[in-house]
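Hi,

Here is the structure I promised to pass on. Have a look at it first, and then read my notes below with the picture open beside you.

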Amino acid sequence: MEISVLPPQIYIERTLAIIKPDVVDKEEEIRDIILRSGFTIVQRRKLRLSPEHCSNFYVEQYGKMFFPNLTAYMSSGPLVAMILARYQAISYWKELLGPSNSLEAKETHPESLRSLYGTDDLRNALHGSKDFIAAEREIRFLFPEVIVEPIPAGHAAQDYLNFYVKPTLLRGLTELCKEKPPDPFVWLADWLLKNNPNKPKLGHHPVT
């Protein structure tokens, strides 16, 4: 049997997942399936979208017959949005979701999430980004504070740890041994916040 080997420097994808309003009460079950399927939940938030926000999110569907029902459904109650990450996250999440029509999913993909939790073509329980461009746009829409960039893995991740993380952590642990504070965890957390190498330091320059 031939075993395929991934390139040493490969990037993990991110995709957007939404648990829709009518199945929010099943979030714990759904999250368990997501984690057991190899995904990492990078960020999660529970929110309620207005019909206007729903229209903007589903702008590509504007003008279609089901569009008013779609926006009404998606704004009918709270929903849960998540950023999922793993290798080929977009295609794996779409596969886990199954066909967009839950009735079709129940016939052809009975183990899929839309088969298990969906009701029909409109109330299909969950959303997933269709491709990389859509994932970027949708993540920015629902998580505007997040910077969408590739997550390093393999040698790239190891290089990042060796260059940025380990030297700072080693300095912090050395200082911790010298100080011997009563609560070492809190002390180290405060030290790392103050000595974050990625945080700009403000200096006082003499006036000339």
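Before we start, a word on naming: helices (H or I, at least four residues) and strands (E, at least two) are DSSP runs, numbered from the N terminus. Also keep in mind that this is a predicted model.

Let's begin with charge. On the surface, a patch of negative charge is made by D22, D25, E28 and E29. Where does D22 sit? You'll find D22 in the loop between β1 (11-19) and α1 (27-36). Its relative accessibility is 33%, so D22 counts as partly exposed, given that the partly exposed class runs between under 20% (buried) and over 50% (exposed).

Now for a patch of another kind. V165, L169, L173 and L192 make up a nonpolar patch on the surface, and together they have about 260 Å² of accessible area. Which helix gives the most to this nonpolar patch? That is helix α8 (residues 155-179), with three residues. L169 is found in helix α8, and because its relative accessibility is 34%, L169 counts as partly exposed.

Next, the aromatic rings. The count comes to four aromatic pairs. In one of them, F39 and W93 have ring centres 5.9 Å apart and planes at 80 degrees, so this pair is edge-to-face. F39 lies in the loop between α1 and β2 (40-47), while W93 is in helix α4 (residues 89-97), so the pair ties together parts that are 54 residues apart in sequence. Are F39 and W93 buried or exposed? Both are buried.

Another edge-to-face pair is F57 with Y58: the distance is 4.9 Å centre to centre, with 85 degrees between the planes. F57 and Y58 are buried as well.

With a relative accessible area of 47%, F132 is partly exposed. How many residues apart in sequence are F132 and R14? The answer is 118, yet in space F132 and R14 are 8.3 Å apart, C-alpha to C-alpha.

That's what I have for now. Happy browsing!

Cheers

Technical notes
Residues numbered from 1 in each chain as written. Predicted model: local features only at pLDDT ≥ 70, side-chain atom pairs only at ≥ 80, totals over all residues. Heavy atoms only, no water. Patch = residues over 30% accessible without salt bridge, like charges linked within 9 Å, V, L, I, M, F, W, Y side chains within 5 Å. Areas by Shrake-Rupley, 256 points an atom, 1.4 Å probe, with all protein chains shown as cover. Salt bridge = Lys/Arg side-chain N within 4 Å of Asp/Glu carboxyl O. Lys, Arg positive; Asp, Glu negative; His and termini not counted. Charge placed at Lys NZ, Arg CZ, Asp CG, Glu CD. Buried < 20%, exposed > 50% of the residue type's maximum accessible area, 1.4 Å probe, protein only. Phe/Tyr/Trp six-rings, centres within 6.5 Å; stacked < 30°, edge-to-face > 60°.
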